[in-house]
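The following exercises concern a single protein model. Please examine the sequence and the structure before working through each solution.

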Amino acid sequence: GARPDVTRVERLVRSQPTALTLSLTPRELQVLRLLATGRTNRRIAEDLVLAEKTVDRHVTNTFAKLGVTSRAAATAYAYEHRLL
């Protein structure tokens, strides 16, 4: 009879931000969200009114903090952790 409660707890635990997510700056999180929608660095820079090189630095920092090496992996992380 505890299955509904266990399911509810699992859902809550999955929706909580992880330590990795909390280590992202607000701007890195913003860039990650835009990156996860398929935008290029150039497009992200235009949307946020930043230099493309600045966006590249945010992407690099985000990858390092999340322990990923690709845009696809970063996107998967964003979806898995409900950051979108």
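Helices are DSSP runs (H or I, at least four residues), numbered from the N terminus. The model is predicted: local features need pLDDT of at least 70, side-chain atom pairs count only at pLDDT 80 or more, and totals for chains, interfaces and linings use all residues. Residues are numbered from 1 along each chain as its sequence is written, and side-chain values use heavy atoms, leaving out hydrogens and water.

**Exercise 1.** Determine in which helix Thr54 is found and how it counts by relative accessibility.

Solution. Step one: Thr54 belongs to helix H5, residues 52–66. Step two: buried means under 20% relative accessible area, exposed over 50%, and partly exposed in between (1.4 Å probe, protein chains only). Step three: Thr54 counts as partly exposed because its relative accessibility is 33%.

**Exercise 2.** Identify the buried residues of H4 and explain why they line one face of the helix.

Solution. Step one: the buried residues in H4 are Asn41, Ile44, Ala45 and Leu48. Step two: seen down the axis of H4, these residues fall within an arc of 100°, so they line one face; the arc is that of the directions from the helix axis to the C-beta atoms. Step three: Arg42 and Glu46 are exposed, on the face turned away from the buried side of H4.

**Exercise 3.** State which helices the buried residues of H4 pack against, and what separates the C-alpha atoms of Asn41 and Thr54.

Solution. Step one: the buried residues of H4 pack against H3, H5 and H6, where contact means heavy atoms within 4.5 Å. Step two: Asn41 and Thr54 lie 13 residues apart along the chain, and 9.2 Å separates their C-alpha atoms.

Note on methods
Helices (H or I, at least four residues) and strands (E, at least two) are DSSP runs, numbered from the N terminus.
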